[in-house]
Amino acid sequence: MRATIEVSGLRKRFGPTLALDDMTFTVLPGQVTGFVGPNGAGKSTTMRVILGLDAADEGRALIGGRPYTSLRNPLTHVGALLDAGALQPSRTARNHLLWLAHSQGLDGRRVDEVLRQVGMQSAARRRAGGFSLGMRQRLGVAAALLGDPPVLMLDEPVNGLDPEGVVWMRGLLRSLAGEGRAVLVSSHLMSELEDTADHLVVVGKGRVIADTSVADLITTASRGQVTLRTTARSEAMSVLGHAGATTAVTDRDTIVVSRLPSERIVAVLTANGVPFSEVATHRVTLEQAYLDLTADAVEYRGTAR
Ligand SMILES: Nc1ncnc2c1ncn2[C@@H]1O[C@H](COP(=O)(O)OP(=O)(O)OP(=O)(O)O)[C@@H](O)[C@H]1O
């Protein structure tokens with residue numbers, strides 16, 4: 001089976017709300033693909049449609065070239081973590097996975113393997129009802145891995161994890177992609193995806209805004225911005241402003257300059273006798289690149305008072 005998710009032309013309406021509006025993208029094997037967008041952008045709905053939990057009004061979603069509903073032993077094709085809360089509280093972690101394995105015709109011997117993989121051996125015989133959100137997340141990931149699937153789809157997997165858990169999850173996602181699997185991960189934590197994802201599908205208002213490698217997105221968003229370090233911040237901003245630049249203060253002695261190439265910045269500062277210690281190409285964070293990209297797609301925006 002090809003390790004891919006192909007989504008094309010998905011449209012889905014909930015009453016007056018157009019949740020998906022021609023949603024189209026492909027998730028490739030061997031990569032972690034981040035699936036990001038503002039609240040209500042359609043990420044969960046897309047994942048639910050891919051898993052056959054919601055029916056689209058139009059378009060199609062394929063896993064390894066086939067619709068989910070036509071897959072035999074679906075857990076061996078795709079593992080998903082959508083709602084870590086969906087557990088029977090009286091079952092132990094191990095029994096939950098055994099029950100899942102048996103109900104799906106999978107080998108029960110995988111259970112101890114996946115418990116080890118998610119670092120839950122010591123909690124294997126504890127009841128799921130007493131688990132923290134982070135432990136439920138780990139158990140959900142264990143369930144997703146049970147069928148050793150080539151495709152994984154995880155909705156906010158770092159939600160509720162402590163810093164050690166976040167680092168563990170990052171390593172796990174990287175190693176799953178390293179094994180050639182297609183890994184789709186939704187997240188609101190851009191800093192997390194900057195270190196984890198190779199590729200990003202950015203969505204807003206039910207459609208794809210950008211489908212790009214993380215490196216390209218950051219390079220494009222950083223283009224033309226220069227970091228200037230100077231102890232004479234206001235003089236620098238004033239002379240550069242007169243020369244046509246836009247400036248923004250980022251730190252006590254740091255300014256980000258746009259709309260003026262670095263050679264001109266150096267020339268203007270030197271001509272005006274303004275001291276500076278560094279002029280360098282500015283690299284925006286993934287979070288900043290994302291915020292610029294989605295500025296028009298945010299449905300609910302807080303207003304500064
Ligand atoms: N079952 C439903 N009934 C009515 N409206 C729904 C339903 N599910 C989703 N929606 C609406 O569809 C739109 C897309 O929601 P969805 O949950 O897919 O977005 P999301 O990108 O996952 O958001 P979040 O980041 O908040 O999880 C929203 O406007 C949401 O209110």
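User: In what order do the four strands of the open sheet lie, and is the pairing parallel or antiparallel?

Analyst: Please note that this is a predicted model, in which local features need pLDDT of at least 70 and side-chain atom pairs count only at pLDDT 80 or more, while totals for chains, interfaces and linings use all residues. Residues are numbered from 1 along each chain as its sequence is written. In general, strands of a sheet pair through backbone hydrogen bonds, either parallel or antiparallel. Strands here are DSSP runs (E, at least two residues), numbered from the N terminus, and two of them pair if DSSP finds at least two bridges between them. In this model the order is β11-β12-β10-β13, with antiparallel pairing. The edge strands, each pairing on one side only, are β11 (246–251) and β13 (278–281).

User: How many bridges join β10 to β12?

Analyst: Four bridges join β10 (residues 226–229) to β12 (residues 254–258), and Leu228 has Ile255 in β12 as its bridge partner.

User: Is Val226 buried or exposed?

Analyst: A residue is buried if 20 or more other C-beta atoms, placed from the backbone, lie within 10 Å of its own, exposed if 12 or fewer, and partly exposed in between. Val226, which is found in strand β10, counts as buried because it has 24 C-beta neighbours inside 10 Å.

User: Which residues does Val226 touch, leaving aside those up to four places away in sequence?

Analyst: Contact means that the C-beta atoms, placed from the backbone, lie within 7 Å; by that rule Val226 touches Val257, Ser262, Ile265, Val279, Ala280, Thr281 and His282.

Note on methods: Contact = placed C-beta atoms within 7 Å.
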